[in-house]
Amino acid sequence: MGFSTGSLEDNMPISQKNLYKEISAFKIDDDSIALPFSGRLARENNWSASYSRKVLAEYKKFIYLSCISDGHVTPSDQIDQAWHLHLTYTKSYWIELCQNILNSNVHHFPTKGGDSESDKYRKQYEYTLELYEREFDDAAPDRIWPSIDDRFKDADKFVRLNKTNHWVIKKPPKFTAFLVLLSLFIVACTRNEGDSEFWFYIKIAFGIYVTYKVIQWLIKNVDSKGGGSGAAGCGGCGGCC
């Protein structure tokens, strides 16, 4: 699905149309500085500049939805990263946006943890996607608003990382990793002409250990849905404007 700015429904109340226009026109980036908001957002998430700007546009839509909603709404992870960062720009967020445009505060509520919180945020995210489509007469772009399962399956895997001290290497596909390690196991268990009995059995033991660890990893990761630990994202204050 491509990106779309969306269009407001024709029967939307004038007050809501005006609110959306004001939020859309709200300027977060300061073009006079070397590292504007969208640039920092891109740098901290390893995004392209164009993708970061699209996330920023969707973040404004989320803020609008939080204001017109009767209940709590939950952002995608991408939108949540923009929200987290904007909260650190205290003057821009609390005064210029909340006070001057929204006339109310949009608070950020992190999960308290646990299965009940996970279920709550999944339902809120589903409601948010439905509200988005109803308000903008278009489905939310899936490159920024993924499906419910994709939104929460890795919610407890994120960590803050300094790339000065760590290499960041993408994991190979699970099946590829299994084939590589299986090949290593077969090689390890092959008896060479010069191998002693002791060395041969050491190689077999090592191969069994590696296979055991691979099976454990596959059981843990294949078709994992996540979210049970309660790392289920954040909710916004709905109906607050």
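In these legends, a residue is called buried when its relative accessible area is under 20%, exposed when over 50%, and partly exposed in between (1.4 Å probe, protein chains only). This is a predicted model, in which local features need pLDDT of at least 70, side-chain atom pairs count only at pLDDT 80 or more, and totals for chains, interfaces and linings use all residues. Residues are numbered from 1 along each chain as its sequence is written, and side-chain values use heavy atoms, with hydrogens and water left out.

View 1. Helices (H or I, at least four residues) and strands (E, at least two) are DSSP runs, numbered from the N terminus. Follow the sequence and you get α-α-α-α-α-β-α-α-α-α-β. Out of 241 residues, 36% count as buried. Contact means heavy atoms within 4.5 Å; among contacts between residues at least 6 apart in sequence, 74% join residues at least 24 apart.

**View 2. Now we go inside, to the largest nonpolar core, which has 39 residues.** Such a core is a set of buried Ala, Val, Leu, Ile, Met, Phe, Trp, Tyr and Cys residues joined through side-chain atoms within 4.5 Å. The members that touch the most others are Val55, Tyr59, Ile63, Tyr64, Leu97, Leu102 and Trp145. At least two core residues come from each of H1 (14–25), H2 (37–45), H3 (49–68), H4 (77–88), H5 and H6. H3 gives the most, with 10 residues. In soluble globular proteins, nonpolar side chains tend to be buried together.

**View 3. Zoom in on Val55 and its partners.** Leaving aside residues up to four places away in sequence, Val55 touches Leu41, Trp47, Gln78, Ile79, Ala82 and Ile144.

**View 4. Asn103 and Asp137 each show a positive phi.** Most residues other than glycine have a negative phi. For Asn103, phi is near 60 degrees; this residue sits in the loop between H5 (90–102) and strand E1 (108–110) and is exposed, with a relative accessible area of 63%. For Asp137, phi is near 55 degrees. Asp137 is in the loop between H6 (115–136) and H7 (148–152), and is exposed too, at 57%.

**View 5. Back at the surface, Val159 is exposed, at 67% relative accessibility.** Look for Val159 in the loop between H7 and helix H8 (174–188).
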